[in-house]
Structure formats: C-alpha cells, structure tokens
Amino acid sequence: MKESYWGYWLMVLGVFIIVVLLLIQSFTSTNTQDYYLIKEITESSLVDAIDYGYYREYGELKINKEKFYEVFLRRFAEEASLTTTYTIEFTEIYEAPPKVGVKVSSKSSTFTVGGDTTTFDIVNKLDAILESKNSANIGEGEGSIVDDFTGDDEIINPSTGEEETPEGRFDVLIGNPASIVQQSEYVTVNGVSVNMFCACGPIAITEAAIILGKTNTLKSGVNYSGSNNKELAAATYIKMHDYGLNGDPTTSNYDSSSPSFCGRTGNYSSGNGFYSTIGISVAGSGGSFGSKSGGYADEIFKQLASGNVVIASLPPNTSNVPSDSGLKNTNSGHYYTIYGYDANNGCFKVYNPMAGNSCVSDANVDKYFTEYISYSG
C-alpha cells in the first residue's frame, strides 16, 4: 500500500514539474520575443517619425510624437501575436532631442492543475534615444543624421549604414497598389451605374486605403462586400459624391470648370468626414487642384518616409508631358497614387489608373505634380 502511495505522489510530482517547465518556457520565450519586437519597432518608428524639414532648417534631430505613436502602434499590430493581449504604455516621449519610453505588458500561457490556475505577468520596459552624431568629433553612425564641415546634410540609411543621395532620399515602399484600371466604361455597384472614366480621384484614394492596409474598413465605409477592386473604387466614388468630394458618378461631363463636372468638386485635403469612415486621415498637403506651380518632390518624399501614401494631381489642360516621363497629358486633370521611392534610380513609385505602375523621376514629380495630399492609416 505504501508503495502505491509513493507511485501516486511521484506521478503528481512529475505532472507538477512538467507544468512548471512549461510555464518557464512560455515566460522565457514570450519575454524574449516581446523584448526584441519592442526594440526593433521602437527603433524603426523613431526613424520614421523624424521631422526632416526641422533638421534641414535647424540642424537638429526632432521627431513628431503623433507620428511616432501612429507608426509604433501600426507596426506592433502587424507583428504581434494574434493570440496574446498586450497593454502598451508610452511612459515618456520627447520630440527634441528624441527620447521615448515604452512599456508593453502581456501574460504567459495559463496552466491549470488540480483546479489551481497559474500564469505570469510579462512586462517589458524600454527607453530609446535617437542620436545625431557630428562628424567633427565622433564620426558617422548607423541611423544618424550627420552635419559635416561643409554644411551639407547627409543622411545615413539605417538599413544599409550607407550615405544616401544629396537630398537625403532612400528606398521607401509603403505597400503595393491594386490593379484598378480606369477606362471608358460603366460599372454597376449598389444599384448605381458609375462612369469609371471620371473616377481617377476615387481610384487614387481607393489605392491609398488599400496600400495602408485599410481594405476592410474601406469596404465597410462604402457599403461594399465583394472582392472586385474596380467595383470597390466605384462604391468609393459614390460615397465621395455623397460627401461632396466628387461630382455625380452617373454623368460624363469632363469639363473641370463646369459646376456639373463629374470629377473632383470638393477639397480633398480638408478634414472631410468621408475619410474617417474609411479609416484614413489627411496627414499633409500642398498646392491645389488646377494650380500651375509644382516643386513638391521634397515634401512628397518626407510624407513617404513618414509612412504615408500620397495622391497627386496634374492640372487640367496639361499637354506638354514627355512621353517617357511615366505621366500622361490630361484635359480635365488627373490623379495618381505615389506609394514609394527608388533611391537607386532616383524616382518615385507611381500608380496611374490609366497606365499602371511607373517610376517617375524627381525632376518630373517636382515639375508636373502641382498638388499633393498625403494620407495616414
């Protein structure tokens, strides 16, 4: 009898030891994964939140704290485990000089033995500082912005550690556009026959929402549940008309000076309530529809470097665009989506609803795009 009791207690002890080992393994693995996840996301979010305009003007590093919050939370949501509940706290944040404190809490796996439930709280705290190193006494460092003796600004790409172009531009890719082709046709969605030949603005904004990962929110906001991206753009067109951003989607008046123009009729860069319904917001803008003055390449790159997608327009009656520019002549104005930058070739990644993807040179972006609006997700 005594021997049977000993066997029983040895089995209980074995189960207890296994549970303890599983708890320790869960705690150790989760803690390590959380730490490196927080570290890498904090570093990349700091770089994404740099205010390049402030640096060029004052020679000092500064971040935009709202942009840091936005980028950190978006990146964390994309990378974190879907089966774990996290609590994120920003314990401190200074824009200049850039310093942030992040605290992320989660729990280990839960194990139950004999009615007793055991789990551990896992808390990781991290403080990070983004440094600017002067080449006069320290030298160049990875991820640093360096001001040399000549007064020229150089930017070190944090992913390569190499000096970038004189403009400080490096490779950026926010996401990839969907294939939504604008052509002379009508698409019926939600009981409305939509003239897609007048839909360049809605297509550009649909692309921006998709690239920012807001496809499901967009579908919900425009009341579309299908899987056809052109129909989704048509539904977006209808909703933009409801909010006063575009003309009647059922008409075909392509005269941009007419009150019944089927294209843009409202201010895309305003805080129109339409944007909140599809999960995006205006992050910056310059110029106006129909303006003849460009010069926005630097600002567009800054928006891309901050993780924003940009739509940009050519004004009505643009007829001097070179055939090899990646852009097209337009009678009534035309919208494009800009979703990245190719530093090796010195060009912006642009989606034209009428011609697909192209890489448009810095000079052509600067010259021909006379309006831009950037969107964050």
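Where is the place of Glu-43? The place of Glu-43 is in helix α1.

## Basis of the model

This is a predicted model, in which local features need pLDDT of at least 70 and side-chain atom pairs count only at pLDDT 80 or more, while totals for chains, interfaces and linings use all residues. Residues are numbered from 1 along each chain as its sequence is written, and side-chain values use heavy atoms, with hydrogens and water left out.

## The chain as a whole

The secondary structure comes to nine helices and 16 strands, taken as DSSP runs numbered from the N terminus (helices H or I, at least four residues; strands E, at least two). Of the 377 residues, 45% count as buried, where buried means under 20% relative accessible area, exposed over 50%, and partly exposed in between (1.4 Å probe, protein chains only). Among contacts (heavy atoms within 4.5 Å) between residues at least 6 apart in sequence, 60% join residues at least 24 apart.

## A negative patch

Glu-40, Glu-43, Glu-78 and Glu-79 gather in a patch of negative charge on the surface; such a patch is made of residues with over 30% relative accessible area and no salt bridge, like charges being joined within 9 Å. A salt bridge would be a side-chain nitrogen of Lys or Arg within 4 Å of a carboxyl oxygen of Asp or Glu. The elements that give two or more residues to the negative patch are α1 (2-48) and α3 (65-79). Glu-43 has a relative accessible area of 45% and is therefore partly exposed.

## A buried threonine

Thr-206 lies in helix α4 (residues 200-211) and counts as buried because its relative accessibility is 0%. Leaving aside residues up to four places away in sequence, Thr-206 touches Ile-180, Leu-218, Leu-232, Ala-233 and Thr-236.

Technical notes:
Patches are made of residues with over 30% relative accessible area and no salt bridge: like charges are joined within 9 Å, nonpolar side chains (Val, Leu, Ile, Met, Phe, Trp, Tyr) within 5 Å. Accessible areas come from the Shrake-Rupley method with a 1.4 Å probe; for residues, only the protein chains shown count as cover. Lys and Arg count as positive and Asp and Glu as negative; His and the chain ends are not counted. The place of a charge is taken as NZ of Lys, CZ of Arg, CG of Asp or CD of Glu.
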